[in-house]
Amino acid sequence: MKTLLRCYCCVLVRFSAASHWVLRAEFYVFPMAETPDPDVVDLNLGVLDLTSDEFILDEVDVHIQRNLEDDVVKSALESGVDLREYAKQIEAELEGVENASIQDYIKESQNIASLHNQITACDAILERMEQMLSGFQTDLGSLSAEIQTLQKQSISMNIKLQNRQAVRGELSQFVDEMAVPESMINHILDTPVTERQFLEQLHELNHKISFVKEQSFKEALSCRDVVDVLENLKLKAIAKIREFLLQKINQMKKPMANYQVQQNALLKARFFYEFLLANERHVAKEVRDEYVDTMSKVNYSYFKGYISRLMKLQYDEVADKDDLMGVEDTAKRGLFSSKPSLKNRSTVFTMGNRGEILSQHLESSIIIPHAAQKDETKHTFESLFRSQHFALLDNCCREYLFVCDFFMVSLNNAQDLFNAVMGKTLSVFLKHMEVYTHECYDAIAVFLCIHIILRFRTIMHDRGVPGLDRYWETLLEMLFPRFQYILELNIQSIRETDPQKLGTIDISPHYITRRYAEFSGALVSINQSFPDERLDRLLAKLQSEVENFILRMAAEFPARKEQLIFLINNYDMMLGVISERASEDSREASSFRDLLEARTQEYIEEVLSPYFGSLTTFVKDAESRIERGQADSMKQQDKRVEQIVQHFASTWKRAIESINQEVMRSFTNFKNGTSILQGALTQLIQYYHRFQKILSVAPFKNMTYKGDLINIHHLMVEVKKQKVAF
């Protein structure tokens, strides 16, 4: 149905008492639905009773203007329709519509009545449902209260259950730990201590004893029921453990017994000592004291015999106080000396293969005395020293780790217990070393022993065993002063050596310098792994004395050339030996290299002088004058220059051959001789080149004898031939 828009129009015309005509027309528009239909308009003309006194013309105009703005009224006015007629028409239409609506309602009256009955029935049903829901709500309220009550009861019961379970668990554990089962009693009393069941029950017994002791402090009455049983079992277990441990320790006393096997057996039963320590300390102390006493005697006896037998394998020829670097090889021993003289004194200062004791032989198997005696094998002292101390190191590492593990000690306590076991043995070693160092004059042997100690100390630290640290320090404090003393004796012997008492001296390297080179190279090579500044100072002092000795020896030669040859041969020999043993950039090698280069350059000048002395002298004099701007002063030397040119042209080949032969005879090291020869010939070429350069400037550039000059390339070719020939 279209939306109706009703428009009410009221028009009143009344003649008031004031004899004024007043016209008031008012239109009212009321919407009947969301969207008005402009085609359907209900106009209702009503009468508004107004008096002339209350009516204001301006207000009428406002209302008229507002109603005239309505679209329907505006459309009617624009079409020129009479409003009264139009209002009647609209009213008639509305009346028709109203009648039609009434008929529709009459036609649907039964349905409306049925709808009314249904609505009434629904209201009744909804009313009953409301009553039921109200009852349900009341019942649910009572159920909620009951549920809350049950929930509180459930929480309370759960807490009680948890408390009872906790109490039951602790009580059950308490009863289990407090009760002494029959199986434990049987195993502790009857099972041998070596069986696994005994060890397991001993662990359990130790736990029960600790538990009962703890509960007794809490005044638990149940402890009274089991304390006597546990005490009896403890005493029985202690007796069996004591007997077993003392038996194992006593087995170590048997001759030829391998005590390491017994130590391994004790380590497997380590808990036995822990049980004694926790429950009967005086028995544990008895066991420990018995072990310390037994092992102290075993180690003392073993190492004392081993040292005694091992020292019989030392070489019969050993160095003494006369075997010094500055002593002549032909020196005789005293008439009543019982020691055999060394066949070759140089072995005291030469290391040879002795340095392998610090590398590939450092951890080799120890020397077996009876096997070595059977093979008639002899050894140097450092080899015997290594074998003794490697055996000591191995046994001490095992002993230290055993006492820490079995007796459960550490740090200072472990060191004290270790010293108690090994104290007598270490005293034997120290006494033996004290006797040896007092009579030793073999510096290389002593220095090798020092470095063996440094390496063995590192090995023990790697194994986590500090037990011998004090012993190593004592040995070092004993050996290094002796080494320093021996080195001072050698330094003093070189300082006091008189070259005139050494017999005939030739230009070859002297045996004293060779001794020094071998000795210094050996010490430097050993010292590279563990550098010691004290050694560097001693070697510097020794080197200074050797250099002074070489100069004193060279002074015995009348000619400067022979002195230089002697110095070069000795410097070259020492440099070669030291470079083989030590690094090429060592202090000793660098020092002798500088000395060798200086003396070689001086020798080259000396060897050229007899053959080309006039040439070299002229070149030096001429260059000096040219440098000072005095070239004109050489105009009077034409004849001298001509003689130099002619002499060089006629003798240079023979001179080179003579130099070649002289160098070959002079130097023992052919490689060094080759280097010196090439240096001399190179120096000759440089002199000749400088000579030609001088002749190319005034006042010699126009001289006629320049045609006699030898081509420098021809000279260089001949020099190359000499290099190949040599």
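**Close-up views of a predicted model**

**View 1. M408 and L411, with positive phi angles.** At a relative accessibility of 37%, M408 counts as partly exposed, and the residue belongs to the loop that runs between α12 and α13, the latter spanning 411-439. Its phi angle is near 55°, a positive value in a residue that is not glycine. As in every view that follows, the coordinates are those of a predicted model. L411, which is found in helix α13, likewise has a phi near 55°, again positive in a residue other than glycine. L411 counts as exposed, with a relative accessibility of 71%.

**View 2. The protein chain as a whole, shown for orientation.** The protein chain comprises 726 residues, of which 40% count as buried, and its secondary structure consists of 22 helices and three strands. When contacts between residues at least 6 apart in sequence are considered, 78% of them join residues at least 24 apart. The chain exposes about 41800 Å², and carbon and sulfur atoms supply 52% of that area.

**View 3. The second largest pocket and its lining.** This pocket holds about 760 Å³ of space. Its lining is made up of 26 residues, and those closest to the centre of the pocket are M256, A257, Y259, Y302 and R309. Four helices, namely α8 (259-268), α10 (281-311), α11 (369-375) and α12 (381-406), each supply at least two residues of the lining. The most is given by α10, which provides eight residues. Sorted by class, the lining of the second largest pocket contains 13 nonpolar, seven polar and six charged residues.

View 4. When residues up to four places away in sequence are not counted, N299 touches Y259, E399, V421, M422 and T425.

**View 5. L468 in the loop between α14 and α15.** L468 has its place in the loop that lies between α14 (443-462) and α15 (469-495). With a relative accessible area of 0%, L468 is buried. Once its neighbours within four places in sequence are left aside, L468 is in contact with L392, C396, F418, L426 and M460. The C-alpha atom of L468 lies 9.0 Å from that of C397, although 71 residues separate the two in sequence.

View 6. Side chains of opposite charge can pair when their charged atoms come close. R196 and E200 are four residues apart in helix α6 (residues 196-217), so about one helical turn separates them. R196 is exposed, with a relative accessible area of 64%, whereas E200, at 41%, is partly exposed.

**View 7. The salt bridge between D405 and R270.** The side chains of D405 and R270 meet in a salt bridge with an N to O distance of 2.2 Å. Because D405 lies in helix α12 and R270 in helix α9 (residues 270-279), the pair ties together parts that are 135 residues apart in sequence. D405 counts as partly exposed at 31% relative accessibility, and R270 is also partly exposed, with a relative accessible area of 36%.

View 8. At 39% relative accessibility, R534 counts as partly exposed. Elsewhere, R354, E382 and D442 are linked in a network of salt bridges.

Technical notes:
Residues numbered from 1 in each chain as written. Predicted model: local features only at pLDDT ≥ 70, side-chain atom pairs only at ≥ 80, totals over all residues. Heavy atoms only, no water. 1 Å grid on protein atoms, 1.4 Å probe; cavity = no way out; pocket = protein on both sides within 12 Å on 5 of 7 lines; lining within 4 Å. Points joined across faces, edges and corners; volume = space filled by probe spheres on them. Nonpolar A, V, L, I, M, F, W, Y, C, P; charged D, E, K, R; others polar. Buried < 20%, exposed > 50% of the residue type's maximum accessible area, 1.4 Å probe, protein only. Contact = heavy atoms within 4.5 Å. Areas by Shrake-Rupley, 256 points an atom, 1.4 Å probe, with all protein chains shown as cover. Salt bridge = Lys/Arg side-chain N within 4 Å of Asp/Glu carboxyl O.
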